[in-house]
Amino acid sequence: MKLLMTGNEAIARGAYEAGVKYASAYPGTPSTEILENVATYKDSILAEWAPNEKVALEATIGGSMAGARTLACMKHVGVNVAADPLFTLAYTGVNGGMVLVSADEPGMHSSQNEQDNRNYAKFAKIALFEPSTSQEAKDMLKEAYRVSEEYNTPVLYRVTTRLCHSKGTVDCIEREEVKILDYEKDVQNRVAIPAYSRVLRIKVEERLNKLSDYSNKTDLNFIELNSKDIGIIASGVCYNYAKEVFKDNVSYLKLGFTNPLPDIKIKEFASKVKRIYVIEENDKFIEDQVKAMGIEVIGKAIFPYTGEMTPDVIREVMLGENIKTIEYNEDLVVGRPPTLCSGCPHRGFFYEIGKRKNIMISGDIGCYSLAFASPYNALDSIVCMGSSLSIGHGAQQVFNMKENNKMRTIGILGDSTFFHTGINSLLDIAYNQSNAISVILDNRITGMTGHQQNPGTGYTLQGKEVKEIDIEKLVLACGIEHVKTINPNDLKEVNSALDWALSLDEASVIITRWPCVLKKFSKEDKEEFKDAFKQKCNVDKNLCIGCKLCIKSGCPSISFDKENKKVCIDKTSCVGCEVCSQMCPKQAIYKGGK
């Protein structure tokens, strides 16, 4: 059976065909759709969203110890969160096969940094696979499980944005049911205390030697001789990019298994061509290792260190050519930066907090990251998931050291991010008794990555109804005594809550509770928010004075008619949140009517 699949869909299919029994992940672009597709195989695989990537990996480690083939998926920065158990897993090994998918993002389309997670495989001394196509994404995953079990190693399965989201034809076959292996108590191999780990450390090196032999023999690494003049070494999508530019006019060493690298095969390839180029995205992972073998290659000396190594980039660097594109008048193109959706429950809160003085606002990862920009200008920092509350705490402690201090800090994150790593940060605030203010934007879903369930939504990934975690009770349990839950669309309520928090000399938490506007047709929250999203806002043209104050809300449903000097509201996108009507000094905006 042939199907058209993205790389993410193909990985999910590979997990199904390979007999995977248990999978866990935290959503993050470009990895999110892997587990969403794994979850469709309900009769064969138990798939779960975990609160964060560390928990996801640890859960799949447990499943592997119990004897099942397991899969963990995350974006590149998620592996930073999961690195603690990963490095020790390299020592303890596996029982059932265990694969960790790292979806890297060269070019930082939706990430706070750009990193090359192939380095994790080399650092942790574990096997590394890099598929190039959707077909390989499926097939290599099945081989990864075989290697994991044969060599007693976790496998890092590195993909990048273009493979994750590009489509290709995939030959699909039936699932191979793999028996869950027996669990046997094995303290010396699974209890990572120094006495045992010293012995396991030697076994890690012995395993690398065996994997090196595999790397040189596997068909995943192959030579394609076309020219004796130029040879290209590439892995992952870079191989596809190179083939698109040079076709069969150069020779290739295509690498699919890249840690350890196939040293014998690399030397063989070097003996057959006069000049070698290494084409890879981000770090000199392959280039430096090949040079260490005494082989001269050309890589980052001419190719960029950052961004995607697309065919256009390769063509310009190596051939000095640019493909002609359609010419157009760039002056006629209006820049459209990303913005919060019409009716987003974060809009009113950020509009009000952005007007406050003598505060430092630390932000986090989510839709609300957009609040850094105009018209809100309401974030001073963004670092990583869950960091907002910790950064706010540390900054507040330092501000408090100054005489006559007037500065206050406010850390802001979403509900899913709070469950991810914000809880630990809030515990830090409570334990060390700072007077930092924390805000949890509870929009009832994991919004930015496409509406995945989380512990606060009341549903699992595969649709099972469960008890939702009460964020207010959780905050109180963390030791915070001052907590308020508000409707963020009510600007008076927002300001009252901010005044309340700023008046306290102790830690406080504000929870803004209103569903993401894109949830308006979902089955959840029907009772609590049954009257939401039913009516739209209108403008009384006789009362509107054209002051444009409502436009400062940043709502994309609001525009200004320059000819008539009046505000207009787009009825197709307005959901009647009424933030704009509360901003209008003439009460010209009202809810309801035609």
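Here are legends for several close-up views of this predicted model.

Being a predicted model, it is read with some limits: local features need pLDDT of at least 70, side-chain atom pairs count only at pLDDT 80 or more, and totals for chains, interfaces and linings use all residues. Residues are numbered from 1 along each chain as its sequence is written, and side-chain values use heavy atoms, leaving out hydrogens and water.

**View 1. Helix 10 meets helix 13.** Two packed helices are described by the angle between their axes and the distance between the axes. Here helix 10 (residues 236–246) and helix 13 (residues 311–319) have axes that come within 9 Å and cross at roughly 55°. Helices (H or I, at least four residues) and strands (E, at least two) are DSSP runs, numbered from the N terminus. The axes are lines fitted to C-alpha atoms, for helices over the stretch in contact, and angles run from 0 to 180 degrees between N-to-C directions. Helix 10 passes helix 13 in a right-handed crossing (right-handed if the near helix is turned clockwise from the far one by less than a right angle, left-handed if anticlockwise). On the helix 10 side, look for Tyr-241, Ala-242, Glu-244, Val-245 and Phe-246; on the helix 13 side, Pro-311, Ile-314, Arg-315, Met-318 and Leu-319. Contact means heavy atoms within 4.5 Å. Sorted by class, that contact has eight nonpolar, no polar and two charged residues (Ala, Val, Leu, Ile, Met, Phe, Trp, Tyr, Cys and Pro count as nonpolar, Asp, Glu, Lys and Arg as charged, and the others, Gly among them, as polar).

**View 2. Helix 3 packs with helix 4.** Helix 3 (residues 53–65) and helix 4 sit with their axes 7 Å apart, at an angle of about 30°. So helix 3 is roughly parallel to helix 4. Helix 3 passes helix 4 in a right-handed crossing. From helix 3 come Glu-53, Lys-54, Leu-57, Glu-58 and Ile-61, meeting Gly-78, Val-81, Ala-82, Asp-84, Pro-85, Leu-86 and Leu-89 of helix 4. The tally for this contact is seven nonpolar, one polar and four charged residues.

**View 3. Thr-92 in helix 4.** Thr-92 is buried, with a relative accessible area of 11% (buried means under 20% relative accessible area, exposed over 50%, partly exposed in between, with a 1.4 Å probe and protein chains only). Setting aside neighbours within four places in sequence, Thr-92 is in contact with Asn-152, Asn-189, Arg-190 and Leu-200.

**View 4. Aromatic pairs.** The structure holds 11 aromatic pairs. Rings of Phe, Tyr and Trp (its six-membered ring) pair if their centres lie within 6.5 Å; planes under 30 degrees apart count as stacked, over 60 as edge-to-face and the rest as tilted. One of the pairs is Phe-87 with Phe-123, edge-to-face at 4.8 Å centre to centre and with 85° between the planes. Phe-87 lies in helix 4 (residues 76–92) and Phe-123 in helix 5, so this pair ties together parts that are 36 residues apart in sequence. Phe-87 is partly exposed at 24% relative accessible area, while Phe-123 is exposed at 63%. Phe-222 and Tyr-239 also pair edge-to-face, at 6.3 Å centre to centre, again with 85° between the planes. Phe-222 belongs to strand 9 (residues 222–224) and Tyr-239 to helix 10, so the pair ties together parts that are 17 residues apart in sequence. Phe-222 is partly exposed at 30%; Tyr-239 is buried at 10%. Elsewhere, ring pairs link Phe-129, Tyr-151, Tyr-157, Tyr-214 and Phe-257 into a cluster.

View 5. Most residues other than glycine have a negative phi, and most peptide bonds are trans. Lys-125 is not a glycine, yet has a positive phi of about 65°. Asn-282, not a glycine either, has a positive phi of about 75°.

Definitions and conventions. Parallel < 35°, antiparallel > 145°, perpendicular 65-115°, else oblique.
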